[in-house]
Amino acid sequence: MLLQANSKILILAPHTDDGEFGCGGTIAKLIKQGAQVYYAAFSACEQSVLPQFPKDILITELKAATRVLGIPNENLFLFSFQVRTFNYRRQDILDKMVELRQQINPDVVFMPSQNDIHQDHQTIVQEGLRAFKFSTILCYEMPWNNLNFNTCCFVHLTDEDVETKSKALAEYKSQQHRPYANDEFIRALARTRGVQINTHYAETFEVLRWIIS
């Protein structure tokens with residue numbers, strides 16, 4: 001990637017685990033290369049947690065997963081917006097993003113796709129573009145939510161990167177019932193994207209804004 005070793009990267013995750021699913025391998029790769037990675041999750045989805053788990057379990061799982069990826073605790077931001085109500089809190093969410101921009105001044109921001117049909121993801125994309133229009137913005141893939149996805153940017157991943165992503169997502173014990181929350185799917189998608197660029201593993205992104213200095 002056209003990134004310097006000390007580049008500042010911000011991951012915008014509507015809900016805990018979205019960032020790991022969308023770009024967990026790339027996060028692991030960039031941290032190994034010396035990037036400073038920050039992760040902001042806007043909801044721990046207490047209303048969606050299955051009854052056999054504590055309501056705040058996703059907070060515990062997020063901390064464990066980002067630790068596996070190598071993100072320092074001080075670079076983790078967790079906000080408490082209620083799931084599926086983001087569109088009612090647009091200004092509050094934008095205000096939080098502006099605070100993040102002023103605090104971090106990221107070189108690259110990763111966020112969901114504009115073609116992601118989840119209502120909370122759409123709010124994060126729309127407000128994220130407003131807040132970070134002066135940064136490079138790459139949109140990550142979530143096939144179960146994407147109406148379509150333009151695979152126009154790829155990041156090569158090693159087996160170690162994919163292994164780290166899979167281990168991070170395995171920390172989300174409360175989400176293991178989902179059909180995409182398993183090593184088989186994670187590796188299959190990374191392998192598919194790798195085939196597209198004649199390598200073994202990769203993650204793909206839509207380029208929403210690319211700034212070269």
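**E163 is partly exposed, with a relative accessible area of 31%.** The cut-offs, taken with a 1.4 Å probe and protein chains only, are under 20% relative accessible area for buried and over 50% for exposed, with partly exposed in between. This is a predicted model, in which local features need pLDDT of at least 70 and side-chain atom pairs count only at pLDDT 80 or more, while totals for chains, interfaces and linings use all residues. Residues are numbered from 1 along each chain as its sequence is written, and side-chain values use heavy atoms, with hydrogens and water left out. E163 forms a salt bridge with R187, and the closest N and O atoms are 2.4 Å apart. The two partners sit in distant parts of the chain, E163 in helix 5 and R187 in helix 6, 24 residues apart. A salt bridge here is a side-chain nitrogen of Lys or Arg within 4 Å of a carboxyl oxygen of Asp or Glu. Helices (H or I, at least four residues) and strands (E, at least two) are DSSP runs, numbered from the N terminus.

**R187 and D159 meet through their side chains in a salt bridge.** The N to O distance is 3.1 Å. R187 lies in helix 6 (residues 183-196) and D159 in helix 5, so this pair ties together parts that are 28 residues apart in sequence. R187 counts as buried at 17% relative accessibility, while D159 is partly exposed at 45%. Now step back to the group: E163 is partly exposed, and salt bridges that share partners join D159, E163, D183 and R187 into one network.

**K32 forms a salt bridge with E160.** Their closest N and O atoms are 3.3 Å apart. K32 belongs to helix 1 (residues 18-32) and E160 to helix 5 (residues 159-170), so the pair ties together parts that are 128 residues apart in sequence. K32 counts as partly exposed, at 47% relative accessibility. In the whole structure, a search finds 10 salt bridges.

**Strand 5 (residues 136-140) is mostly covered, with 5 of its 5 residues buried.** Look at both faces: T136, L138 and Y140 are buried on one side, and I137 and C139 are buried on the other. Strand 4 (residues 108-112) runs parallel to strand 5, joined to it by 5 bridges; strands count as paired if DSSP finds at least two bridges between them. F110 stands opposite L138 in strand 5. From strand 4 the chain crosses through helix 4 (residues 119-131) to strand 5 in a right-handed β-α-β crossover. Right-handed describes a path that runs clockwise from the first strand over the helix to the second, with the strands pointing away from the viewer. Strand 5 also pairs with strand 7 (residues 201-209), in the antiparallel sense over 4 bridges. There, C139 has E206 of strand 7 as its bridge partner.

Along the sequence, the pattern reads β-α-β-α-β-α-β-α-β-β-α-α-β. The radius of gyration is 16 Å, close to the 17 Å that the globule rule gives for 213 residues, so the protein is as compact as a globular protein of that length. That radius is taken over C-alpha atoms, and the rule is 2.2 Å times the number of residues to the power 0.38. Of the 213 residues, 52% are buried.
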